[in-house]
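Here are my notes on this one, as numbered points you can check against the model on screen.

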Amino acid sequence: MEDWSDCLDVAVQIAQRAGQVVQSAVKQEKRVSSKSTPTDLVTEADHQVEELIISTLSEKYPSHRFIGEESSAAGVKCELTDSPTWIIDPIDGTCNFVHSFPMVAVSIGFAVRKELEFGVIYHCFDGTLYTARKGHGAFCNGVRLHVSKEKDVSKALILTEIGAKRDPATLDIFLGNMKKLLSAPTHGVRIIGSSTLALCHIASGAAEAYYQYGLHCWDIAAAAVIIREAGGCVMDTTGGPLDLMSRRVVAAGTREIADYVVKQLQPINYGRDDSD
Ligand code: IPD
């Protein structure tokens, strides 16, 4: 049975290399355009970094498959099969990247037979490296990660992200969900502009729960392994098992806090990553 540790080592090297490209691109002028909505941004750097990651990996692993944020935006089918599949977000936090707001990451997840095997997330501004392989723990710069064991929601810090839809009906639901969690009361709700780094904060125990409608499989794949290996839970917003393609997630340090968050949420429909 393959343990995929060689692939993880390669993922770490390429994530760090890609992160350095992002670091130097931050200082240069950016060519920005939009994708699904005016607030769903993409830059030349997103394309360059995805091309760098996929071309390097496909040369090394010609039989493997790839799901990448920018390839999917360009029309490549976003399909998770049983084959070994790399799930890549070249620049997570593109809006932050455009503003040089220091919360930007490269995220590389890896699945085999539709099961997530490992994840690597590299924080491009401070060089922090989050890694995890199924069954072998989660690490930040080589130090073991543990989620928060808090069960009492009134002592919880909750993280979320806004998503790309900004029509009044969606915003009403988004703000309603946040209002319910603020008035629980929890200690607070934070939005940092990068789903992957926010999820890493759940893995490190810096916050108790994360929820979002509208993220993508490349925002969740690597982080889901890192959180689970740090002892946390990652699930669907209905409380069922995580569906990587469903564009929604709840993650938490404890099942008690996850269940509480699930019960508060009114859904926002973003469709699926794997619908045509
Ligand atoms: C996005 C960011 C954003 C979140 C979106 C993500 P991108 O990723 O993480 O904070 O709200 O759902 O898709 O587009 O910057 O790679």
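1. The domains touch through 36 residues of domain 1 and 26 residues of domain 2, where contact means C-beta atoms, placed from the backbone, within 7 Å. Domain 1 covers 5-144 and domain 2 covers 153-264; such bounds come from an automatic or database domain assignment. Taken over C-alpha atoms, the two centres are 20 Å apart.

2. A word on the source: this is a predicted model, with local features needing pLDDT of at least 70 and side-chain atom pairs counting only at pLDDT 80 or more, while totals for chains, interfaces and linings use all residues. Residues are numbered from 1 along each chain as its sequence is written.

3. Back to the side of domain 1 that touches domain 2: β6 gives the most, with six residues. Helices (H or I, at least four residues) and strands (E, at least two) are DSSP runs, numbered from the N terminus. This side divides into 20 nonpolar, 11 polar and five charged residues. Here Ala, Val, Leu, Ile, Met, Phe, Trp, Tyr, Cys and Pro count as nonpolar, Asp, Glu, Lys and Arg as charged, and the others, Gly among them, as polar.

4. Have a look at β4. Eight of its eight residues are buried, so β4 is largely enclosed by the rest of the structure. Buried means that 20 or more other C-beta atoms, placed from the backbone, lie within 10 Å of a residue's own. β4 pairs with β3 in the parallel sense over four bridges, and six bridges join β4 to β5, running antiparallel; pairing takes at least two DSSP bridges between the strands.

5. The largest nonpolar core has 76 residues, and Ala203, Ala209, Ile226, Ile227 and Ala251 have the most contacts inside it. Such a core is a set of buried Ala, Val, Leu, Ile, Met, Phe, Trp, Tyr and Cys residues joined through C-beta atoms within 7 Å. Helix α7 (residues 217-229) gives the largest share of this core, 10 residues. Both domain 1 and domain 2 contribute residues, so the core lies between them. Ala251 touches Ala209 and Ile227, among others.

Terms used:
A residue is buried if 20 or more other C-beta atoms lie within 10 Å of its own, exposed if 12 or fewer, and partly exposed in between; C-beta atoms are placed from the backbone. Two residues are in contact if their C-beta atoms, placed from the backbone, lie within 7 Å. Lists of a residue's contacts leave out its neighbours within four places in sequence.
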